[in-house]
Every structure is written in C-alpha cells, then in structure tokens.
Amino acid sequence: MITTSALQVRYGDTTALHPLDLDLPAGRIYGVLGRNGAGKTTLLSTLAGFRKPSAGTVTFDGVPVFDDARATTRICLIRDDGGLGDGTDTLRDILALAAMLRPGFDSVYATELMDRFALPRKRTLRTLSRGQRSAFGIVVGLASRADLTMFDEAHLGMDAPSRQLFHDELLRDYVRHPRTVLLSTHLIEEQSPLFEQVLILHQGRLLLREDVDDLRTRGVSVTGPQAVVDDFVFGLTVLGERQLGPTKEVTLFGALDEEHRTLARRYGLQLGPVALQELFIHLTGGAA
Ligand SMILES: Nc1ncnc2c1ncn2[C@@H]1O[C@H](COP(=O)(O)OP(=O)(O)OP(=O)(O)O)[C@@H](O)[C@H]1O
C-alpha cells in the first residue's frame with residue numbers, strides 16, 4: 001500500500017501539489033490523468049522518492065520513500081525522458097546495472113522484451129530514436145518487476161504497434177506477477193482499458209478517484225434522427241455532438257433517469273457508453 005499524508009509539494013512560489021491524503025492499495029493498475037501542469041509528474045516522482053515533499057509524508061508499506069533504500073529498491077519510475085543516465089552507456093550496460101540494483105529484475109524477460117521491441121543492445125542510449133528510447137524505458141520498467149511500477153508518459157514517441165505491444169506486455173506480465181502500476185498519460189482512450197481505477201489531478205488537487213467502470217456510467221451517448229435527439233437532450237448537459245448525415249450522436253453528462261430511458265426506448269433512440277476522454281475534458285473544465 002502506498003500512502004500519502006498531507007503531502008504537499010512546492011516549487012518556490014508554485015504549489016504543484018496541495019495537501020493530499022491518498023491510499024493506493026496494492027495489486028491494481030491506476031491511471032493518473034490531468035491536464036498539462038496538473039501535478040502528475042510531481043506526484044509520481046514524489047511517490048518514487050525522487051523528490052522530497054515540502055510537507056507531509058509518503059510511505060510504501062509503512063516505510064518512508066524518500067531516501068530509504070528499503071522502499072526505493074521496490075519502486076521503479078520510468079519517466080518520459082527515460083531518466084536512465086546521461087545517454088553514454090550502452091543498453092546492455094544499463095540493463096546489467098538495473099539487474100544489480102533491483103532485486104526483482106528479470107534479465108531473461110528483459111532480453112525477450114529487447115528482441116520484441118527490436119532494440120540494439122550494443123548501442124548507447126543517446127544514439128536511439130525518441131521512440132526507441134521510450135521502448136527501452138518500458139523494457140526496464142517491466143523487467144524490473146518492482147512492487148510499485150510507474151510509467152510517466154513513458155510511451156512518448158512510440159508508434160502505435162509499439163504502444164500496443166507495451167499494453168499487451170504490461171497486462172500479460174501483470175497477471176503473472178501482480179504488482180501496483182501507475183500510468184500517467186494523455187492517451188486516455190487508448191490506455192483506459194488498462195486501468196482499474198482512475199485518479200484525476202486538477203491544478204494540484206485530486207479532483208476525482210473512481211473505478212473506471214463507475215466513471216463510465218457518469219455519461220451516456222444518445223444516437224438517432226437529429227430532430228428527435230435534439231428534443232430529447234433539451235435541458236440536459238451536453239458534452240459533445242457528432243452528425244453523420246441525418247443521424248446525430250450526442251454525449252451527455254450524468255446518468256439518465258428512468259423517465260428519459262423510457263422516452264429513449266419509445267423514440268427508438270440508441271443509448272451507449274461515453275468516451276472517458278469526453279468525461280475527462282468536461283470534468284477538468286472543458287476544451288477552452
Ligand atoms: N522544477 C520546477 N520548477 C518550478 N515549477 C515547476 C517545476 N516542475 C513543475 N513545476 C510546476 O508545477 C506544476 C505541476 O507540474 P507537473 O510537471 O507535475 O505537471 P504534469 O501534470 O506532469 O504536467 P504535463 O502533463 O504537462 O507533463 C506546474 O505548474 C509546473 O509548471
């Protein structure tokens with residue numbers, strides 16, 4: 001269990017995290033969402049013990065994470081910049097170092113992943129492309145098998161097939177070796193199938209924490225002939241709309257009451273799930 005108590009982080013005059021009390025039980029995959037500057041990187045790097053809290057505490061199974069190897073050897077944070085040295089080491093050397101430092105590191109699995117991502121072991125990190133560097137970070141993050149594994153926008157620059165491989169591998173390895181995973185991302189629709197629970201940060205505060213399945217019920221899409229849909233949604237909170245010829249799809253915020261469900265059936269309107277991204281945009285203040 002990772003626990004924060006009145007955790008606060010300031011950079012000079014900027015408060016990146018307002019006092020935050022959070023318990024994250026082990027053995028789940030959490031999505032950490034938030035707009036630019038919401039505090040995601042600050043939170044993850046503080047949970048990893050990379051950054052000292054300005055106030056409050058972070059503990060992992062009761063051990064303070066900052067400057068305590070009992071906790072930090074069990075935690076792995078992969079950042080969008082890789083964070084794997086100055087770039088002059090070869091991938092082979094970085095993997096050897098990770099194997100030395102991390103008690104759970106699986107070198108056989110790392111080799112398997114290196115092949116699957118087609119990464120060249122003898123090259124230095126700085127000679128890799130952006131996407132290859134990210135893929136290498138993913139290899140280190142997965143093969144570390146750390147009890148708390150965090151990926152902070154770690155997929156940056158990776159192409160769609162590589163990201164798919166990352167997601168498939170994460171789920172496959174998570175089932176074999178359950179651990180706590182935090183994924184910070186702006187690719188909400190793409191990564192949401194991985195999440196069990198979502199944390200939304202907004203302006204340095206925890207705006208929402210909810211199981212993904214519950215979050216999805218906070219909205220509904222309505223599809224049907226334009227005029228009928230327009231009548232139906234009058235007075236309701238519209239998040240977005242799409243038109244395809246005479247058919248219109250409107251995304252609504254809030255669960256529909258029984259009266260509206262009956263009306264929808266009567267008029268032959270289709271009700272469906274809503275994209276998490278649309279809910280996220282609405283909850284964090286709209287597209288403006
Ligand atoms: N080293 C720093 N010095 C001063 N302010 C900082 C520093 N790092 C972050 N901040 C500020 O703290 C706030 C939170 O930043 P953080 O990087 O945690 O956000 P984020 O949610 O990860 O954003 P993004 O999605 O853009 O990566 C922002 O207002 C940011 O400008």
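This is a predicted model: local features need pLDDT of at least 70, side-chain atom pairs count only at pLDDT 80 or more; totals for chains, interfaces and linings use all residues.
**View A. Q203, with 15 C-beta neighbours inside 10 Å, counts as partly exposed.** Here a residue is called buried when 20 or more other C-beta atoms lie within 10 Å of its own, exposed when there are 12 or fewer, and partly exposed in between, with C-beta atoms placed from the backbone. Residue numbers start from 1 along each chain as its sequence is written. Q203 lies in the loop between β9 (197-202) and β10 (205-211), where helices (H or I, at least four residues) and strands (E, at least two) are DSSP runs numbered from the N terminus. The phi angle of Q203 is near 50 degrees, a positive value in a residue other than glycine.

**View B. D61 lies in the loop between β4 (55-60) and β5 (63-64).** Like any other value in these legends, its backbone angle is computed from the model: phi of D61 is near 50 degrees, which is positive although the residue is not glycine. With 13 other C-beta atoms within 10 Å, D61 is partly exposed.

**View C. The shell around the ligand is made up of Y11, T14, A16, G34, N36, G37, A38, G39, K40, T41 and T42.** The elements that give two or more residues to the shell are β2 (14-24) and α1 (40-47), and α1 gives the most, with three residues. By residue class, the shell holds three nonpolar, seven polar and one charged, where Ala, Val, Leu, Ile, Met, Phe, Trp, Tyr, Cys and Pro count as nonpolar, Asp, Glu, Lys and Arg as charged, and the others, Gly among them, as polar.

**View D. Six strands form an open sheet of mixed pairing, in the order β6-β7-β8-β3-β9-β10.** The strands at its edges are β6 (75-78) and β10, each of which pairs on one side only; two strands are taken to pair if DSSP finds at least two bridges between them. Neighbouring strands of this sheet are turned by 15 degrees against each other on average, direction ignored. Within the sheet, strand β7 (residues 148-152) runs parallel to strand β8 (residues 180-184), and five bridges join them, with L148 standing opposite T180 in β8. Helix α1 packs on the sheet, touching β3 (29-34), β6, β7, β8 and β9, and its direction makes about 155 degrees with that of β7. Helix α5 also packs on the sheet, where it touches β6 and β7 and makes about 170 degrees with the direction of β6. Axes are lines fitted to C-alpha atoms, for helices over the stretch in contact, and angles run from 0 to 180 degrees between N-to-C directions.

**View E. The buried residues of helix α3 (residues 91-101) are L91, I94 and L95.** They lie on the same side of α3, because they cover an arc of only 100 degrees around the axis, the arc being that of the directions from the helix axis to the C-beta atoms. These buried residues pack against α4 (107-116) and α5 (130-143), contact between two residues meaning that their C-beta atoms, placed from the backbone, lie within 7 Å.

**View F. Four strands form an open, antiparallel sheet in the order β12-β13-β11-β14.** Strands β12 (237-244) and β14 (270-272) stand at the edges with a single partner strand each, so one side of each is left without a neighbour in the sheet. From one strand to the next, the twist averages 20 degrees. Strand β11 (residues 219-225) pairs with strand β13 (residues 247-253) in the antiparallel sense over seven bridges; V222 has V250 as its bridge partner in β13, and G224 stands opposite K248 in that strand. Helix α9 (residues 226-233) lies across β11, β12 and β13, running at about 145 degrees to β11. Helix α11 (residues 276-283) packs on the sheet as well, touching β11, β12 and β13, with its direction at about 140 degrees to that of β12.

**View G. β12 and β13 form a hairpin with two residues between them.** In the turn, G245 has a positive phi of about 60 degrees. The two strands pair in the antiparallel sense over seven bridges, and G240 stands opposite T251 in β13.

Conventions:
A residue is near a molecule or strand if its C-beta atom, placed from the backbone, lies within 6 Å of it.
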